[in-house]
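Please keep the viewer open while you read.

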Amino acid sequence: MRRRLSLQARQLLAAGLALVAFLGLTGYALDRAFTEAALNSQRERLDSFAKAYLGGAETLRSGAIVMPQVPPDPRFDRPGSGLYAVVIGENLRWESTSTLGRILPPPEPGPPGDQGRLVGPLPVTDSSGRELQVYLYSMTAIIETSRDEIELIFGIYEDAAYVAGQVGVFRRTLWAWLGAAAIVLALVQALALRWSLRPVAGVERALADVQQGSVARLVDEHPRELQPLTESINALIDSERRNLEQVRRTLGDLAHSLKTPLAVLQSRLEAGATGDELREDVRTQVQRMNDIVGYQLSRAARSGHVLYAAPLKIEGTAEEIVLGLEKIYATKGVLAEFDIDAAARFHGELGDLQELLGNLLENAFKWAKRRVALQVTTLPAPTGKRSGVEFAVEDDGPGIAEDQIDRVLQRGVRGDERVQGHGIGLSIVQDIVAAYQGVLTVERSAELGGARFVARFPPQG
């Protein structure tokens, strides 16, 4: 399979492509701007030559026009110098000395008095047949003589190599500096990316330390953007450790619980019990072991992962449980009242929600006289976390004495050590609440007068 690029390589590649595109567009824009500026400068220069010839032209009494003897630039007097002048009028064609050996395209006539036009590069052939290129500036002017007005067309030509040379020097300088800037910026980007991605490398090293067992969890010294990641990883690590501890505790409880029925069977065999008596003892102890195994397996199943669980609606599950309890306790005529926030959600396993509500509500139905109340409220969460939920189940029964609450809620109680009465099933509830990092409390119901059990599940990341 093709190897995937690292984050640093991806960032460098993206930044490099953006840098190349930016510098390329910048260089192209500067090149075009300089070329346009060079052409505009050439047009103004050639325009000044044409106006110099126009200003130096003399008209004779005969109506003839004489061009100035001293040109505005000495190159007009040197053949093949690259700067040429042509004037065309009625019965007049004048060319500068520099045009000797050159076949120039005729200047383009335009409206008199308008600004001249620059065109090119145009092909030119010299006396040896070699083809060159020139820019042509054409301007039309009216000169008044003693007889009438004469229209003259001025054509000023300049070798295209002059502008091309300027543009070439600029391009070489421009791209040399842009290339140097690209190298410097690439190095700066590499250093900036290395510095900005250093916290990610720190998380990677911290994970390696956790895997090697040198540290227990990730430290919280990371940038704000990585905090949700490190918190989730720490939560996952803590959850896995709790699960491992729960499995170890379940196996220990199972082994310890099975010692008694196994010891009973062994003692009966050693006592020489036979016949129906032995079969009854075996049946009783096997049933007891089946109950122990089922209970411990259910506890292990309730200790599964609690991270990233889908949110579950609560009202439907509560109604289903209450319907069953009303049939069991039909002779008591208990009335169940609900006050459930429509937005409340339980983020966990459906079995855990059923066990939680089932044990709390069954306990309330057993000890209630006439009324049982279930209240579910949403606990608001800060930005980036999922909301919590609070379950409150109360009844109008005798309640629990304050000095008995701690004993009812003691942790680590096995199936055969649970307190009767209000303590039935509370060890299961306590395990579920603890697995979800919640809190279970018992208090006196202010409204109904009996016991009030509150299971509070705080907001989670």
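Are F346 and Y436 buried or exposed? In this predicted model, both F346 and Y436 are buried.

The structure holds 10 aromatic pairs. F346 and Y436 form one of them, with a tilted arrangement. F346 belongs to strand β11 (residues 346-347), while Y436 sits in the loop between α9 (426-435) and β14 (439-444), so this pair ties together parts that are 90 residues apart in sequence.

Now turn to F391 and F457. Their ring planes stand at 90°, with the centres 5.9 Å apart, so this pair is edge-to-face. F391 is found in strand β13 (residues 388-395) and F457 in strand β15 (residues 451-457), so the pair ties together parts that are 66 residues apart in sequence. Both F391 and F457 are buried.

Here are the two pairs together:

| Pair | Centre to centre | Angle between planes | Arrangement |
|---|---|---|---|
| F346 and Y436 | 5.2 Å | 55° | tilted |
| F391 and F457 | 5.9 Å | 90° | edge-to-face |

Finally, have a look at helix α7. This helix has 18 residues (residues 350-367), and at 1.5 Å a residue it should span 26 Å; the end C-alpha atoms are 26 Å apart, which agrees. Which residues of α7 are buried? They are D352, L353, L356, L357, G358, N359, L360, L361, N363, A364 and F365.

How values were computed: Residues numbered from 1 in each chain as written. Predicted model: local features only at pLDDT ≥ 70, side-chain atom pairs only at ≥ 80, totals over all residues. Heavy atoms only, no water. Phe/Tyr/Trp six-rings, centres within 6.5 Å; stacked < 30°, edge-to-face > 60°. Helix = DSSP H or I, 4+ residues; strand = E, 2+ residues; numbered from the N terminus. Buried < 20%, exposed > 50% of the residue type's maximum accessible area, 1.4 Å probe, protein only. Expected span 1.5 Å × (residues − 1).
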